[in-house]
Amino acid sequence: MHLCKTASLLPQDDIKMLIIDNDYAHATISLFGGHVLSFIPKHDNVQRLWLSKEAMLDGQHPIRGGIPICWPWFGAHASESGLASHGYVRTQNWHVVDCADEPEQTVVRLKPSTTQGEGFEGETQLSLVLFIGRELRIQLVTENTGSEPLSYTCALHTYFNIDDINQCELTGLDGDYLDKLQDYQRISTPTPYTFNEETDRVHLVTPESLTIVSGNIKTSIQSVGHDSIVVWNPWADKSKSMQDMEDLGYKTMLCVETAVTQGQQVLPGQSHTLEQVIR
Ligand SMILES: O=P(O)(O)OC[C@H]1O[C@@H](O)[C@H](O)[C@@H](O)[C@@H]1O
């Protein structure tokens with residue numbers, strides 16, 4: 001396929017990278033995983049995404065950082081514990097279906113090589129649509145092409161770049177969350193929402209807009225088509241235990257994930273779009 005003018009394909013390590021460089025932003029997308037690794041809007045030149053210095057770019061392991069695509073399940077598989085966490089499309093090769101330069105953005109559509117895999121019965125078409133301009137809009141579109149109703153979970157598992165987790169506040173969430181570190185106990189969201197320990201929380205709320213404020217970096221996040229927001233930081237001990245994360249990596253990242261954790265139903269012939277907009 002012909003790439004649009006603002007796009008180029010470059011090999012890096014064992015992965016093909018799609019680079020978008022237009023008047024508004026610079027972005028890097030790994031075709032392994034359909035995975036956005038970097039988004040820098042040119043009006044402020046601030047990197048919005050965090051990528052681990054130890055990330056494995058070998059085209060086999062999931063990439064630690066950027067925006068992993070979790071699909072067709074989020075977290076552990078519901079019944080088969082041996083299957084990969086967060087599904088199988090983040091470790092698949094994706095390809096560019098089309099790419100278009102518009103006046104204020106570049107629009108890129110990617111598809112994985114297959115949507116079928118062990119642990120999932122659905123017949124589907126899956127696309128990732130990226131609108132890269134002053135903001136990054138990312139849409140994960142699942143179409144049910146089979147004759148049976150479909151149910152799945154998914155997430156845009158974004159790792160945000162922050163100055164310092166100890167001086168970071170997340171605004172826009174309230175109500176209770178389910179604490180994955182305490183057997184899914186229901187706990188009330190702190191105000192202000194700041195961080196001083198390992199955090200792995202499923203907020204069963206659907207705010208349209210959230211903001212992460214940390215030093216000079218202020219990132220706004222809008223979500224559509226979700227049933228939850230997941231907030232994750234592995235903190236010190238877990239970072240040390242993870243091969244693909246530098247020991248102090250947890251200090252400069254916060255995952256705020258636009259997610260469907262409760263199960264999305266899609267009727268035959270219908271589709272569902274999970275969307276996150278990052279400014
Ligand atoms: O190491 P992975 O599979 O990329 O997952 C990272 C984290 O992802 C989060 O979404 C989960 O809530 C955590 O439980 C998990 O540890």
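The legends below describe close-up views of a predicted model.

**View A. Residues around the ligand.** The shell consists of Pro62, Gly75, Ser85, His86, His157, Lys180, Asp200, Val230, Trp232 and Glu257. Sorted by class, three of these residues are nonpolar, four are polar and three are charged. Among the residues shown are His86 and His157, as well as Lys180, Asp200 and Glu257.

**View B. The cis peptide bond between Trp71 and Pro72.** The omega angle of this bond is about 0 degrees. Pro72 sits in the loop that runs between β5 (69–70) and β6 (94–102).

**View C. The cis peptide bond between Thr191 and Pro192.** Here omega is about -10 degrees. Pro192 belongs to the loop between β14 (185–188) and β15 (199–203).

**View D. Tyr184, a residue other than glycine with positive phi.** The phi angle of Tyr184 is near 60 degrees. Tyr184 is placed in the loop between β13 (176–179) and β14. There are 12 other C-beta atoms within 10 Å of Tyr184; a residue with 12 or fewer is classed as exposed, so Tyr184 is exposed.

**View E. Trp235, in helix α1.** Helix α1 covers residues 235–241. Trp235 has phi near 60 degrees, a positive value in a residue that is not glycine. Trp235 has 16 C-beta neighbours inside 10 Å and therefore counts as partly exposed.

Definitions and conventions. Residues numbered from 1 in each chain as written. Predicted model: local features only at pLDDT ≥ 70, side-chain atom pairs only at ≥ 80, totals over all residues. Near = placed C-beta within 6 Å. Nonpolar A, V, L, I, M, F, W, Y, C, P; charged D, E, K, R; others polar. Helix = DSSP H or I, 4+ residues; strand = E, 2+ residues; numbered from the N terminus. Buried ≥ 20, exposed ≤ 12 C-beta atoms within 10 Å, placed from the backbone.
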